[in-house]
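Good morning, colleagues. Please keep the view open as I speak.

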Amino acid sequence: MALAFDEFGRPFIIIKEQDQKTRLRGLDAQKANISAAKAVARILRTSLGPKGMDKMLQSPDGDVTITNDGATILEQMDVDNQIAKLMVELSRSQDYEIGDGTTGVVVMAGALLEQAEHLLERGIHAIRIAEGYEMASRIAVEHLETIANKFEFSLTNADPLILTCMTTLSSKIVNRCKRSLAEIAVKAVMAVADLERKDVNLELIKVEGKVGGKLEDTELIYGIVVDKDMSHPQMPKHIEDAKIAILTCPFEPPKPKTKHKVDIDTVEKFQTLRQQEQKYFDDMVQKCKDVGATLVICQWGFDDEANHLLMHRNLPAVRWVGGVELELIAIATGGRIVPRFQELTPEKLGKAGLVREKSFGTTKDKMLYIEHCANSRAVTIFVRGGNKMIIEETKRSIHDALCVARNLIRNNSVVYGGGAAEISCSLAVEAAADRYPGVEQYAIRAFADALDSIPMALAENSGLQPIETLSAVKSQQIKESNPFCGIDCNDIGTNDMCEQNVFEALIGKQQQILLATQVVKMILKIDDVISSSDY
């Protein structure tokens, strides 16, 4: 820590406990920050693209996660460095906003910082680099608009959406059944989409998983799946045209809030108390029967007596259903959640065409399917797989596919994947650099070089010669002025991404470039780091 001296040459203290703090300033601080961010980007670089590797992360309590999703890797890595945390937040914001491209955005930011490091060594001021990057990112985003294609789709022809979702799923573990999963994701989004407002509420799509079966058994259910079974084994397992009472009050005698004591000194008094309790249960069950309910779904538990009565009165019931599931059931069946038995009316009942209990394998695991609902705007994707990790990873992959389908409904422009869009932007930015006088043009050219890092990483991960492949594709784009040429990762034999059907949503790509540039500007502007040395 640099000391300050007064006019008599005596040191004096400026910062509290300054002997215990370390300080980096100027170029050293910038280089330390850049190397921290580059370290994070290097981890994710190998998991980019269809041939990308997966990462295995073990949490402190021994849980193992195997994933290819950039946001998940960084969330679980438990990063300590402040600048590395910025990279984690960068991928998280891409995940929240777009849902896809979380790996690419970090790789992009890492490449921009690497180029910035070379410029800083040449003595160019960090602010000038940041301004140059800002100009270049504007050029790139505008250029993406010009090379984007509009995809027309409708409820009957959702093929374009499926092709784009398949691109997203091709880089995941589940790529062997990407066609069927992409179809499931698109059907689910189409079921809940509001095409007039161009909006999709993803909360209406529930993704449930159950270990067992194989990945191909994953199905879409137009209704709700609840991981519960009927409260009594002898209740009917198959109810057609069900009228459902959705309750948040327990089937128990009311308990007074005050402290109380009941003295029972004779058998008659005990009998009276017992009859009173039985009458409570009788009334509760009768109320449900009177309004015409044929199934009761309750958030709380039942007394054994209530359970027995419900069975006798032929009223099937499900207990301990979570709050979120209750809300989804209410949305799907068009019912109302009832907090008190007194408020039950026939109008508040939900309607479903079929409620059935399904058991899986030899484990006697049972789940409740509520299908053919009055309002089919709530759907469930039910994932099967060999083990828990596969199911968790499939859920994350399906979430990405759902987000891509939602983005295309919001804005149906697509750009071509496989690094084609990045190479095209790189050429456009390179060409535009000559129009800018001053130091910024160095930064603009560096931005163009950084854009090449994504196709380069794709080629590297696919086992191709990175520099040869990239320069061949680049020269092909210039020669044919065709912005659809990208890296042939799957070795199909053509570089034309249009033929390979590799698409990405335009807004996802634009967001990647803008977010990466913002974070890089922020990191470049830090020139002094004061940290306590024990940290």
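The structure holds 27 salt bridges, where a salt bridge is a side-chain nitrogen of Lys or Arg within 4 Å of a carboxyl oxygen of Asp or Glu. The model is a predicted one, in which local features need pLDDT of at least 70 and side-chain atom pairs count only at pLDDT 80 or more, while totals for chains, interfaces and linings use all residues. Residues are numbered from 1 along each chain as its sequence is written, and side-chain values use heavy atoms, with hydrogens and water left out.

Let me begin with Glu 121, which forms a salt bridge with Lys 31; their closest N and O atoms are 3.5 Å apart. Glu 121 belongs to helix H4 (residues 102-121) and Lys 31 to helix H1 (residues 26-45), so the pair ties together parts that are 90 residues apart in sequence. Helices (H or I, at least four residues) and strands (E, at least two) are DSSP runs, numbered from the N terminus. Lys 31 is partly exposed, at a relative accessible area of 27%; that class lies between buried, under 20%, and exposed, over 50%, with a 1.4 Å probe and protein chains only.

The second pair is Lys 358 and Glu 219, with 3.9 Å between the closest N and O atoms of this salt bridge. Here too distant parts of the chain are linked: Lys 358 sits in strand S16 (residues 350-360) and Glu 219 in strand S10 (residues 219-221), 139 residues apart. Lys 358 is partly exposed at 29% relative accessible area, and Glu 219 is partly exposed at 26%.

Val 262, Ile 264, Phe 270 and Leu 273 make a nonpolar patch of about 360 Å². Such patches take residues with over 30% relative accessible area and no salt bridge, joining like charges within 9 Å and nonpolar side chains (Val, Leu, Ile, Met, Phe, Trp, Tyr) within 5 Å; accessible areas come from the Shrake-Rupley method with a 1.4 Å probe, and for residues only the protein chains shown count as cover. Ile 264 lies in the loop between strand S12 (238-247) and helix H8 (267-290), and is partly exposed at 38%.
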